[in-house]
Amino acid sequence: MPLTPPAEPDPEPKMNWASFYAVISGVNRHSTGIGRIWLSVLFIFRILVLVVAAESVWGDEKSGFTCNTQQPGCNSVCYDHFFPISHIRLWALQLILVSTPALLVAMHVAHRRHVDKRLYKLSGRSNPKDLEQIKTQKMKITGALWWTYVISLLFRIIFEVTFMYVFYMIYPGYKMIRLVKCDSYPCPNTVDCFVSRPTEKTVFTVFMLAVSGVCILLNIAEVVFLLGKACSKHLHNAGDSTMGAWIQQKLCSF
Amino acid sequence: MSWPALYTQLVGANRHATSLGKIWLSVLFIFRVMVLVVAAESVWGDEQSDFTCNTLQPGCENVCYDQFFPVSHIRLWCLQLVFVSTPTLLVAMYVAYRNHRDKRKLLQVCALFYYDYGKVIVMTDKMMMYALYVVYDGFQMPRLVQCDQWPCPNLVDCFISRPTEKTIFTVFMATTSSICMVLNVAELVYLVIKAFTR
């Protein structure tokens with residue numbers, strides 16, 4: 001089997017995760033505290049670990065996958081049978097899909113800013129300083145923006161859980177086995193095939209699954225926090241109005 | 001010139017686009033360019049080196065690979081993404097030119113140009129997807145192909161590397177391409193309605 005030269009470290013993927021970070025972290029300004037923690041966990045413990053460590057562990061997954069046969073094509077076929085999609089690609093897709101609901105919030109904020117600018121201009125305040133202030137002010141998560149934010153959180157949770165389920169369906173169990181037995185054509189009989197770096201892969205799989213679980217918990221906590229905040233605000237307002245009516249009734253009775 | 005540089009150019013050009021245009025740009029860069037660079041390129045990375053034929057005849061693997069993969073999926077998608085981004089850049093250049101010449105007719109020019117560029121983008125996307133479908137006989141990547149080109153002796157079995165993963169990414173890219181086309185058609189319809197109601 002011809003030796004493939006080692007792949008040169010390609011700066012492009014890192015640049016693109018960096019530009020992705022720039023796009024997503026812009027939403028950070030309008031997130032809650034838990035949302036910011038979630039974003040940091042995502043970028044430090046998932047994307048960074050994926051790029052600097054996990055990708056090199058899985059780098060030789062195909063070239064290091066060896067079957068106990070010299071039959072050409074048997075390696076390829078057995079590898080394809082046991083690894084329909086690589087862990088690395090699944091995690092990359094998961095990270096991309098899980099981060100994109102934040103863009104819904106960014107779009108909503110941009111729309112609100114556009115509406116605010118129009119109102120300012122209509123009311124005659126087209127001072128460039130005021131328009132700049134609209135751009136930089138932090139949006140409060142109230143009204144329609146609250147709903148957008150909660151819906152984006154629910155989508156994040158759904159995507160995370162879906163990917164964990166897909167992962168479980170394709171690779172039942174978190175452990176990477178050392179040896180697989182394969183008898184697909186053109187392998188003659190049943191051949192032993194050996195997976196490269198199974199223990200290191202198990203360690204990283206457990207790590208990524210654990211961090212994924214932590215992210216789901218953070219998202220659920222954020223939903224509960226927002227619901228609690230909205231409920232307490234609503235009760236506070238309702239309480240004020242009933243209190244006011246009661247006071248007025250008592251005053252009138254005198 | 002690289003993907004991030006193209007992104008900077010397109011974001012600048014898209015500042016005056018409709019909301020649908022901005023959503024289209026995000027879908028393009030996140031679900032197509034990013035997925036292409038961080039995931040798909042590594043799946044197709046060993047497509048030729050791991051293309052194995054059941055023969056020791058020198059040259060047979062090269063010839064069979066060339067027969068079954070005239071243009072790699074990755075290159076087709078790169079071309080598709082470049083062609084799909086070009087009309088936006090042309091609009092930006094034309095608007096800048098007209099803005100320099102005549103500020104009053106700017107909005108009307110923009111609307112007409114948007115209509116034309118929208119048509120071009122939808123057509124390019126459709127053509128490229130059709131080309132991929134025709135060249136590779138569908139979106140599924142087979143595990144085994146049979147080849148009898150000279151210098152292969154008789155009919156030989158040749159095995160493609162990672163066919164299932166390649167099928168998954170081909171279907172993913174075709175789906176995002178369709179979503180982008182739908183967004184473009186929606187934007188076209190919106191501009192046409194806006195032009196008629198004015």
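Predicted model: local features only at pLDDT ≥ 70, side-chain atom pairs only at ≥ 80, totals over all residues.
T205(A) belongs to helix α8 of chain A, which covers residues 198-253.

**Chain A in outline**

- Eight helices and three strands make up the elements of chain A.
- Read from the N terminus, their order is α-α-β-α-α-α-α-α-β-β-α.
- Chain A has 254 residues, and 41% of them are buried.
- Take the contacts in chain A between residues at least 6 apart in sequence: 79% of them join residues at least 24 apart.

**Around T205(A)**

- Leaving aside residues up to four places away in sequence, T205(A) touches W58(A), H87(A), W91(A), F167(A) and Y174(A).
- W58(A), W91(A) and F167(A) turn up again in an aromatic cluster, together with F65(A), Y79(A), F83(A) and Y171(A).

- Chain A has an open sheet of three strands, ordered β1-β3-β2 and paired antiparallel.
- Its edge strands are β1 (66-67) and β2 (179-182), each of which pairs on one side only.
- Four bridges hold β2(A) against β3 of chain A (residues 191-194), in the antiparallel sense.
- Within that part of the sheet, K181(A) has D192(A) of β3(A) standing opposite.
- The two faces of β2(A) are set apart by cover: V180(A) and C182(A) are on the covered face, while L179(A) and K181(A) are on the uncovered one.
- Helix α3 of chain A (residues 74-82) lies across β1, β2 and β3 of chain A, and runs at about 110° to β2(A).

**The sheet of chain B**

- Chain B has an open sheet of three strands too, in the order β1-β3-β2 and with antiparallel pairing.
- β1 and β2 (144-147) of chain B each have a single partner strand, so one side of each lacks a neighbour in the sheet.
- α3(B) packs on this sheet and touches β1, β2 and β3 of chain B, its direction making about 110° with that of β2(B).
- β2(B) and β3 of chain B (residues 156-159) run antiparallel and are joined by four bridges.
- C147(B) has V156(B) as its bridge partner in β3(B), and V145(B) stands opposite C158(B) of that strand.
- V145(B) and C147(B) also form the covered face of β2(B), whereas L144(B) and Q146(B) form the uncovered face.

**The loop between α2 and β1 of chain B**

- S49(B) has its place in the loop between α2 and β1 of chain B.
- S49(B) is partly exposed, at 40% relative accessible area.
- From S49(B) to L36(B) is 13 residues in sequence and 20 Å in space, C-alpha to C-alpha.
- F51(B) sits in the loop between α2 (19-43) and β1 (52-53) of chain B, but F51(B) is buried, at 1% relative accessible area.

**Aromatic rings and a charge**

- Over all chains, the structure holds 17 aromatic pairs.
- One of them is F51(B) with F69(B), an edge-to-face pair with 6.0 Å centre to centre and 90° between the planes.
- This pair links distant parts of the chain: F69(B) is in the loop between α3 (60-68) and α4 (73-101) of chain B, 18 residues from F51(B).
- F69(B) counts as buried at 8% relative accessibility, and F51(B) is buried at 1%.
- In chain A, R156(A) places its charged end over the ring of W38(A), 3.8 Å from the ring centre.

Key
Residues numbered from 1 in each chain as written. Chains lettered and ligands numbered in written order. Heavy atoms only, no water. Phe/Tyr/Trp six-rings, centres within 6.5 Å; stacked < 30°, edge-to-face > 60°. Buried < 20%, exposed > 50% of the residue type's maximum accessible area, 1.4 Å probe, protein only. Lys NZ or Arg CZ within 6 Å of the ring centre and 35° of its normal. Pairing = 2+ DSSP bridges. Contact = heavy atoms within 4.5 Å. Axes fitted to C-alpha atoms, helices over the stretch in contact; angles between N-to-C directions.
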